[in-house]
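My entries follow the structure.

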Amino acid sequence: MNITFIISLFSGISFIVYGITSFKSKRMISEFQRWGYGNQRKLIGCFQLIGGAGLIFGSLFDLKVIDNGDSLFNNQNIIAASSLILTIMMLGAIFVRIDIKDKFINILPATFYAILNFIIFYSVFLNNPID
């Protein structure tokens, strides 16, 4: 088990939980309104769920059984695509929070997850998981 595997699972679970709360939580509904993305809340929540599921699915299941070797549908590509999407989303979240003049402490979670998912992307893209 390597560090890339662990942080992929951590990030994946976090985004699944966050995606679910974006559908159900009254606090999250009001936060999306405050950020100016009330109408896109469900779409963003879906991307969070898909990204989180991609990290978990790509980390836990061996797709070599259904991959003939030249397919784009393999573990590394699923993890790389998921982590890249989540990195971009978190960069967007950072800029939104800066734009609405949120406190620095409120920007830290998006910054943390942007860095974490970039590390996942970079290590998987280079085919060099962190031990």
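I looked up the largest pocket: 21 residues line it, and Tyr18, Trp35, Gln48, Met90 and Ala93 lie nearest its centre. I took a pocket as an open set of points, on a 1 Å grid over the protein atoms alone, where a 1.4 Å probe fits, with protein on both sides within 12 Å along at least five of seven lines; lining residues have an atom within 4 Å of a point. This is a predicted model, in which local features need pLDDT of at least 70 and side-chain atom pairs pLDDT 80 or more, while totals for chains, interfaces and linings use all residues. Residues are numbered from 1 along each chain as its sequence is written, and side-chain values use heavy atoms, without hydrogens and water.

I noted that α1 (3–24), α2 (26–35), α3, α4 and α5 (104–125) each give two or more residues to this lining; helices are DSSP runs (H or I, at least four residues), numbered from the N terminus. The most, six residues, come from α4.

I then turned to α3 (residues 41–60) and α4 (residues 75–99), whose axes come within 8 Å and cross at roughly 145 degrees. The axes are lines fitted to C-alpha atoms over the stretch in contact, with angles from 0 to 180 degrees between N-to-C directions. Among the contacting residues (heavy atoms within 4.5 Å) I listed Phe47 and Gly51 of α3 and Ile78 and Ser82 of α4.

Finally, I found Lys101 following α4, with a positive phi near 60 degrees.
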